[in-house]
Amino acid sequence: MYESPIRRPLITGKTSYAQITDDIATAVEAKPTKWWYIGFIVSLAGLGLWLLTVTYLLVTGVGVWGLNKTVDWGWDITNFVWWVGIGHAGTLISAILLLFRQKWRTAVNRSAEAMTIFAVICAGTYPLLHAGRPWVIYWVFPLPNTYGSLWANFNSPLLWDVFAISTYFTVSLVFWYVGLIPDLATIRDRAEGVRKKIYGLLAFGWNGSAKAWQRFESVSLILAGLATPLVLSVHTIVSMDFATSVIPGWHTTIFPPYFVAGAVFSGFAMVLTLLIIMRKVMRLEAYITLNHIDVMNKIILVTGSIVGSAYITEFFIAWYSAVPFERYAFVNRAFGPYWWAYWAMMTCNVITPQLFWSQKLRRNITAVFIISIFVNIGMWFERFVIIVTSLHRDYLPSSWAMYSPTWVEIGMFVGSLGLFFTLFFLFAKFLPVIAIAEVKSIVKTSAEEHIKKTAEKEGIDIKEVNPQIA
Amino acid sequence: MSSQKYIIGTFNDEEPLLEAVKEVRAAGTPIHECYTPFPVHGLDEALGYRRSRLPRAAFMFGVLGFSLALFMQAWMLGYDWPMNIGGKPALAWPDFVPVTFELTVLITALGMVGTYLVASGFLPGNEAKMPDIRCTSHVFCIAIPSNTADYDKIHALLMRHGADEVEEREIEL
């Protein structure tokens, strides 16, 4: 396939097929680095904290949280929405960008999708524990029972959410694994002994035949077509948990698109946070290049701007609606007792992404890393602001209350980060973090070497049209 | 399946393989299969493969999921246990849209991937049937059944297209 020499390269350095296999498979085969052990042990400590706080919670009851009669959704639901939001980038990269034929997705889709799966696992723990009695969580499903059968209520957005999140998790996992099979076979065919057995078991007998690839591509395309509306539906339905209620500040029609944009925004921020560390630690700079980081920053800029305009629109509509409760909810957000959370959100989500208009900053790793952290923090505050500030002053001033988390909630949040990173470190050690086969399929169009060759063939001075390569 | 004699040609790049496949087919020699480290654009057409019928399977799973989901909700809330919620209709169709959508996607995805794995013979622990284990890394292979091919002619043809090695082996593919 022809690709113009003015395109920026997506793979730098020497790129023979054997080299690509080596570069990526070595990370799986070699002993983990010192940094991997340090990171893994810190994550395990976080996981330990999570287990401790969850056990304490289950033994004692949800009363150990700081929730009260007025603010009955706090850090638990904030963290749930935050984690689900983070889980949106992976499927967006692997599904929507596949449909748009964006070649840069090949280097980042595997790890982004792993991140999605782990983030959704973390998200799932919150409603599970918030429900109070996780051992009967199967009651959310429409199973025959001795009460009638009394079925689940399909009119409730909370039930839609159960279906949305579990479908999203399952389909993302399946999509991820289908893509992993050929790469697991690559690892299998390089391994010996027990490792060969294990990877052989996981690779399902993949043989790379033309028929298998034809089916693989067909399946990938359809899964992408299914996952695209799915990823949009998930945060839409999460937003309906809020939007269909009659709480001022929640009851707005702007919520679904605004939540989806926010989810993609925060998801890409988390992808960048992880990939910037991963490419360095695992020496994958030739595959996850500055060009990849640049394009992801552009997505952050776009979605960040959508989120910013949504904040302003929301405020305007609250005033324009002339509903006193609605107006009060918004004034209270910005200038009430939780003003600091609101302005933290505004600063991190509206102002920081605008820095990405500058190409210099988009290609400055340190700046990108810091901004991605800011976005992560800002998006956490967004959910906190929406949930807590809308609830804490309800229709009846005598029941107004303040909310602050207890150590159990804080421990569970920090602990869920531990759970997330533990899973991610295990993934980075035992599975190929870059889609080996997919990267190989773009070598003939997007590798630095190839772009040089095309320019030579056409008699174009590469220095002139593509200064980055020269 | 038992093993059979094949002429195996290996290449280090996809373009020569593609050219060779076209010429072998033009000469009227049947090809068993090709093995590549990544999907080679146009190889399935060059081999004369029909388009995969998986999209059709996916569509049928989709119809199944859609009907099951809609029927389940309508039956549970509309017939088996109708609830009076402020006098609103028990069969609240718009409320059924999200779950219907999610279950359609779920059943389509699982059904199609299941079909793909079973049809291709990819199941946990299955033995990989391939002529060369380097095919999952950087080697491109063509396998031609010996009983319908002239070894010398094929050897010359593949070598002319830049094959690294051509040999006749008895293997199970």
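Helices here are DSSP runs of H or I at least four residues long, numbered from the N terminus. With that in hand, let's take a walk through this predicted model, starting with the backbone of chain A.

Go to the loop that links α5 (105–130) to α6 (157–188) in chain A, and you'll find A:S149 there.

Now move along to the loop between α9 (255–281) and α10 (290–321) of chain A, where A:R283 lies. A:R283 isn't a glycine, yet its phi is positive, at about 55°. Is its side of the story buried or exposed? A:R283 counts as exposed because its relative accessibility is 64%, and the cut-off for that label is over 50%.

On the other end of α10 there's another loop to check, the one running between α10 and α11 (324–335) of chain A, and A:A322 has its place in it. A:A322 also has a positive phi, near 60°, and again the residue is something other than glycine.

Finally, hop over to chain B and its charges. Which residues form a positive surface patch there? The patch is made up of B:R50, B:R51, B:R53 and B:R56. Take B:R50 as your way in: look for B:R50 in the loop between α2 (43–46) and α3 (54–80) of chain B. B:R50 has a relative accessible area of 59%, so this arginine is classed as exposed.

Terms used. Residues numbered from 1 in each chain as written. Chains lettered and ligands numbered in written order. Predicted model: local features only at pLDDT ≥ 70, side-chain atom pairs only at ≥ 80, totals over all residues. Heavy atoms only, no water. Helix = DSSP H or I, 4+ residues; strand = E, 2+ residues; numbered from the N terminus. Buried < 20%, exposed > 50% of the residue type's maximum accessible area, 1.4 Å probe, protein only. Patch = residues over 30% accessible without salt bridge, like charges linked within 9 Å, V, L, I, M, F, W, Y side chains within 5 Å. Areas by Shrake-Rupley, 256 points an atom, 1.4 Å probe, with all protein chains shown as cover. Salt bridge = Lys/Arg side-chain N within 4 Å of Asp/Glu carboxyl O. Lys, Arg positive; Asp, Glu negative; His and termini not counted. Charge placed at Lys NZ, Arg CZ, Asp CG, Glu CD.
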